[in-house]
Amino acid sequence: MQKIFDFDKYPYKAGHRNVDTSIESANFTNKHLKRISKIVLVELGKVFPKGLTGSEIANQCNRSILSVRPRTTELKIQGLIIDTEKRRKNENGQSEIIYRLRDLCVISDYGIKLKEIYKK
């Protein structure tokens, strides 16, 4: 049986808790979701096959951890990135999951050209 994807629902759209402020935030995020997800994938592509934590991704692309960390969860649920089952301490001394791309094909499947990754 083939899996049916509903691209209008989480994890393909930002989630919310059915509270007005959460819904408003999700609607705002959805306008930028693909771009932020692409940024996460590009940063992970730069270090492939190694991985990065959400904080490391946020720091490297100068984004808020609050916009990056939910994208890592969504991309993991979509099967594009994986939890390496390794952890690294962040700047606050808390352990964070180290994520990595499932494989480098994810980049091209998402419409990212490899030269975008290695242009720096």
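Reader: Hello! Is Asn90 buried or exposed?
Author: The relative accessible area of Asn90 is 17%. A residue counts as buried under 20% relative accessible area, as exposed over 50% and as partly exposed in between, using a 1.4 Å probe and protein chains only. With a value of 17%, Asn90 is therefore buried.

Reader: What pLDDT do local features need here?
Author: Residues are numbered from 1 along each chain as its sequence is written, and side-chain values use heavy atoms, with hydrogens and water left out. This is a predicted model: totals for chains, interfaces and linings use all residues, side-chain atom pairs count only at pLDDT 80 or more, and local features need pLDDT of at least 70.

Reader: Thanks! Which residue has its backbone nitrogen 2.9 Å from a polar atom of the Asn90 side chain?
Author: Let's start with the place: Asn90 is in the loop between strand S1 (81-89) and strand S2 (95-101). Leaving aside residues up to four places away in sequence, Asn90 touches Ser55 and Glu96, where a contact means heavy atoms within 4.5 Å. The backbone nitrogen at 2.9 Å from the side chain of Asn90 belongs to Asn92.

Reader: What pattern does the protein follow along its sequence?
Author: Helices (H or I, at least four residues) and strands (E, at least two) are DSSP runs, numbered from the N terminus. The protein has six helices and two strands. Read in sequence order, they give the pattern α-α-α-α-β-β-α-α.

Reader: How many residues in the contact of H2 with H4 are nonpolar?
Author: H2 brings Leu33, Ile36, Ser37, Val40 and Leu41, while H4 brings Ser67, Val68, Arg71, Thr72, Glu74 and Leu75. Ala, Val, Leu, Ile, Met, Phe, Trp, Tyr, Cys and Pro count as nonpolar, Asp, Glu, Lys and Arg as charged, and the others, Gly among them, as polar. On that basis two residues of the contact are charged, three are polar and six are nonpolar.

Reader: Within what arc do the buried residues of H1 fall?
Author: In H1 (residues 20-30), Ser22, Ala26 and Thr29 are buried. The arc is that of the directions from the helix axis to the C-beta atoms. Seen down the axis of H1, the buried residues line one face of the helix, because they fall within an arc of 65°.

Reader: And which exposed residues are on the face of H1 turned away from that side?
Author: The buried residues of H1 pack against H2 and H4. The face turned away from them carries Asp20, Thr21, Glu24 and Phe28.

Reader: Which residue does a cis peptide bond join to Phe48?
Author: Omega of this bond is about 10°.

Reader: What is the relative accessibility of Asn62?
Author: Asn62 lies in the loop between H3 and H4. Its phi is near 55°, a positive value in a residue other than glycine. Asn62 counts as exposed, because its relative accessibility is 73%.

Conventions
A polar contact is a pair of N or O atoms within 3.5 Å; within protein, one must be able to donate a hydrogen and the other to accept it, and residues adjacent in sequence count only if both atoms are side-chain atoms.
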